[in-house]
Amino acid sequence: MTARGTTRRDVVKSAAALTASAAFFPRPAIAQNPPRVVVVGGGFAGATVARALKKLDPRIAVTLVEVNRTFTACPFSNGVIAGLRDLSAQQFSYEKVAGDGIVFTVGTANVVDSAARSLIVGDGVRLQYDRLVLAPGIDIRWDALPGYDLAAAEHMPHAWKAGEQTLLLRRQLEAMEDGGLVVISAPANPFRCPPGPYERASLIAHYLKTKKPRSKLIILDAKDAFSKQKLFQNAWKELYPDLLEWVSLSSGGKVTAVEPATNSIITDFARHEAKVANVIPPQKAGRIAELAGVADRSGWCPIDPTTFESKLVPNIHVVGDATIAGGMPKSAFTANAQAKVCAAALVRLIRGETPDEPKLINTCYSLVAPDYGIHVAGVYRPVNGVLTDVEGSGGVSAIDAPPATRAMEANFADGWFKTITNEVFG
Ligand SMILES: Cc1cc2nc3c(=O)[nH]c(=O)nc-3n(C[C@H](O)[C@H](O)[C@H](O)COP(=O)(O)OP(=O)(O)OC[C@H]3O[C@@H](n4cnc5c(N)ncnc54)[C@H](O)[C@@H]3O)c2cc1C
């Protein structure tokens, strides 16, 4: 395991080890000078790119830069909030990733110098790259919702990055008396995990129904439509008829401000004083994307859909939630799929070859109750530079499926999470 705080000496040592190991590979030109790929962000996208690169071409010197020593996964974190699982079930170490011959560097990438092809990590360690991959996930737009700042998030958690925030929201629900009002504010598109707010509302409703049945849950939404809407709404009618209310944009659901002192969420038409307020605010690509110059004015990163190379800065690739990926939603499944395509393209580009045009798949499961799962799936390919739905592919769960099918899908969801986390971190 090479996880640790980085010093200049460590980086030099790692580089020496990699040069030595490169001597075992026959191609002389590259063996003398192994191509260097640095990946920033060890989440679903970044850890996948790093491992896929090493698998496809072990001669490539791969460095993975990640802020945390342990990764905490968002998928299934709504189950933690609803008391159905522990946070530890979401947490994964980088031991196996580092064991693959990847140099794992703990630290924050702060500066990218694209002209010099270098970046600075933590207290000033400089890493040189031939190609850089940025996979930083999302950051919260702290300036987008009046009243919502870092201090406000300590009272009104977003829980949109899993970890302490997830536990805070869970504790607040546990501490609430029966009969309390829970309010979730859902943002406009685009944001991480389009079905996520509605899965969260469902599982919190399940918790309230079983533990605090006199309580009420309101979703205030900045949209009129959302992912798997009919499936969610049918299930809510069946499972949580008097407990859960969804207020759409056109019914006045858009949140215009929050007031942490009174735990209030404010729209143009009403003020909701919540016992528990879960504010899911507007988002943007992780900060390093902006610092590297690969994010546009939308806050997200335009990419070439075949190579995931930035359309703004050459030799920098972006994968996962940070991208503008046409029809592809921001999901862990998507991040993993994009990462594999990006790694394959990088190997080709490094060899001076032309990357193949990809087809990418996404499937997102959601739980409406512990034994009630639904899904949406899609297939995408580049059309005129944009990842576009392949006609006739994909779809959602059947609207009239029997309970046995819903239970089976809940099981599939569980299987998917185990499989993807095992592939990325196991
Ligand atoms: C409640 C919830 C439920 C979800 N459920 C699902 C689901 O069921 N299925 C699904 O497919 N998706 C789901 N998602 C979405 C999924 O979590 C994201 O789409 C996925 O994590 C994106 O992967 P990523 O690698 O782009 O970002 P992340 O997984 O967030 O990884 C980014 C990593 O980069 C690191 N990082 C950032 N900046 C730096 C820097 N400057 N230096 C070093 N390291 C840095 C971070 O620490 C982090 O580890 C859910 C999300 C939420 C919030």
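**View 1. Overall size of the predicted model.** The protein has 426 residues and a radius of gyration of 22 Å, which agrees with the value near 22 Å for a compact globule of that length. This radius is taken over C-alpha atoms, and the globule rule is 2.2 Å times the number of residues to the power 0.38. Along the principal axes, the C-alpha atoms fill a box of roughly 70 × 45 × 35 Å. Residues are numbered from 1 along each chain as its sequence is written. In this predicted model, local features need pLDDT of at least 70, side-chain atom pairs count only at pLDDT 80 or more, and totals for chains, interfaces and linings use all residues, while side-chain values use heavy atoms, without hydrogens and water.

**View 2. Secondary structure and burial.** The protein holds eleven helices and 25 strands (DSSP runs, numbered from the N terminus: helices H or I, at least four residues; strands E, at least two). Of its 426 residues, 57% are buried (under 20% relative accessible area, 1.4 Å probe, protein chains only).

**View 3. Helix α6.** Helix α6 spans residues 164-175, twelve in number. From first C-alpha to last it reaches 16 Å, close to the 16 Å expected at 1.5 Å a residue (1.5 Å times one less than the number of residues).

**View 4. The buried residues of α6 and their cover.** Buried here are Gln-165, Thr-166, Leu-168, Leu-169, Arg-170, Gln-172 and Leu-173. An α-helix has 3.6 residues a turn, so residues three or four places apart point the same way. The cover over the buried residues of α6 includes α4 (77-81), β11 (181-186), α7 (196-211) and β17 (276-279).

Note on methods: Buried < 20%, exposed > 50% of the residue type's maximum accessible area, 1.4 Å probe, protein only. Contact = heavy atoms within 4.5 Å.
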